[in-house]
Amino acid sequence: MDATFGLQPSKAKSWRLDVSDAALLIIDFQQRLLPAIADFSRVLARAKAITQAAALLEIPIIISEHVPAKLGYTVPELAGPHPCKLVEKNTFSAADVLPSLPSVVLVIGLETHICVRQTVYDLHGAGKRIIVLADACGTRDPVNHTLALEEFRADKISITSTEAMCWECIPRAEGDLFRKMLAILK
């Protein structure tokens with residue numbers, strides 16, 4: 001049986017991410033907040049990986065900073081050297097300060113149950129397809145992270161891992177793009 005599972009190819013819709021219609025939203029990975037996050041080195045490593053992958057795939061990157069005068073600016077590991085759009089906010093949800101977004105938004109950030117949660121629900125309510133990369137989100141208390149992810153699942157918001165999302169964007173396990181992605185995920 002072919003990959004369309006018996007459907008006519010013209011009627012089959014791919015479940016794969018179309019990188020030309022996606023953006024990565026990085027929420028509040030700020031200098032003073034990050035050290036308080038449970039297992040912050042793992043969360044930061046996953047955030048760095050998806051940021052590098054997005055740059056490789058030419059997926060637009062938007063970074064929000066929550067009251068940066070108090071919480072500091074985005075950690076250097078995520079703020080460059082790739083091009084990104086930076087927005088400041090003083091509300092928990094970043095939705096009102098974001099530029100125009102494509103139909104699919106990959107979301108990572110801090111804290112899962114506050115700023116990530118409110119932004120995800122606002123964007124979902126505006127008709128965006130949201131994919132939360134759970135391993136690149138964090139909270140001070142892991143219970144709050146788990147509860148937010150359970151709520152997302154119950155409301156049919158997609159949740160996956162950084163690695164799963166990165167490999168979904170690579171058509172073949174060969175070639176230059178594959179080798180570059182492999183280097184990012186190692």
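Predicted model: local features only at pLDDT ≥ 70, side-chain atom pairs only at ≥ 80, totals over all residues.

Residues are numbered from 1 along each chain as its sequence is written, and side-chain values use heavy atoms, with hydrogens and water left out.

Searching the whole structure for disulfides, meaning cysteine sulfur pairs within 2.5 Å, gives zero. Cys115 is in none, with the nearest cysteine sulfur, in Cys137, 12 Å away. For Cys169 the closest cysteine sulfur is that of Cys166, at 6.7 Å, which is too far for a bond. Cys169 is buried at 13% relative accessible area; buried is under 20%, exposed over 50% and partly exposed in between, with a 1.4 Å probe and protein chains only.

Cys115 is also buried, at 7%, and it is one of the buried residues of helix α4, residues 112-125. Helices here are DSSP runs of H or I, at least four residues, and strands are runs of E, at least two, numbered from the N terminus. The elements covering those buried residues include β1, β3 and α5.

Now the pair. Which residues of α1 meet α7? They are Arg46, Ala49, Gln52, Ala53 and Leu56, and contact means heavy atoms within 4.5 Å. On the α7 side are Leu177, Lys180, Met181, Ile184 and Leu185.
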